[in-house]
Amino acid sequence: MRQESPLGPFQGMGPKAYPRSDCSIEEVVKDRLTLAGTLDATEIEVNVYSGEVVLSGTVNSKSARRQAEEIAEGVRSVSHVRNNLRVDLKQGHLNET
């Protein structure tokens, strides 16, 4: 069941067969990763090929890896997400001096 947006029930529903470009998909994925307040996306690389999003780089936990994939999957016109992110448990820890 589709949850209604505060902007109206049809927000996010574009024209029939509207193809979003790979550049546009990449930009939206990067924007959403950037806005995710619980995800450190500083080491994530995003590439898009024919609607397939490829995530690579490192994150600091398995949950961050899953969250990044879910964010990419939630972008309109994404056909598949290939999650090549590696978990680096040392990432994100600040050096204390």
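How many helices and strands are there in the protein? There are 2 helices and 3 strands, and from the N terminus on these elements run α-β-β-α-β. This is a predicted model, in which local features need pLDDT of at least 70, side-chain atom pairs count only at pLDDT 80 or more, and totals for chains, interfaces and linings use all residues. Residues are numbered from 1 along each chain as its sequence is written, and side-chain values use heavy atoms, with hydrogens and water left out.

**Overall fold**
- Helices (H or I, at least four residues) and strands (E, at least two) are DSSP runs, numbered from the N terminus.
- Of the 97 residues, 32% count as buried, that is, under 20% relative accessible area (1.4 Å probe, protein chains only).
- Among contacts (heavy atoms within 4.5 Å) between residues at least 6 apart in sequence, 63% join residues at least 24 apart.

**Helix H2**
- Helix H2 comprises the 12 residues 62-73; at 1.5 Å a residue it should span 16 Å, and its end C-alpha atoms are 17 Å apart, which agrees. The expected span is 1.5 Å times one less than the number of residues.
- The buried residues of H2 are Ala 64, Ala 68, Ile 71 and Ala 72. Seen down the axis of H2, these buried residues fall within an arc of 95°, so they line one face of the helix; the arc is that of the directions from the helix axis to the C-beta atoms.
- The buried residues of H2 pack against helix H1 (22-35) and strands E1 (44-49), E2 (52-59) and E3 (80-87).
- On the other side of H2, Lys 62 and Glu 70 are exposed, meaning over 50% relative accessible area.
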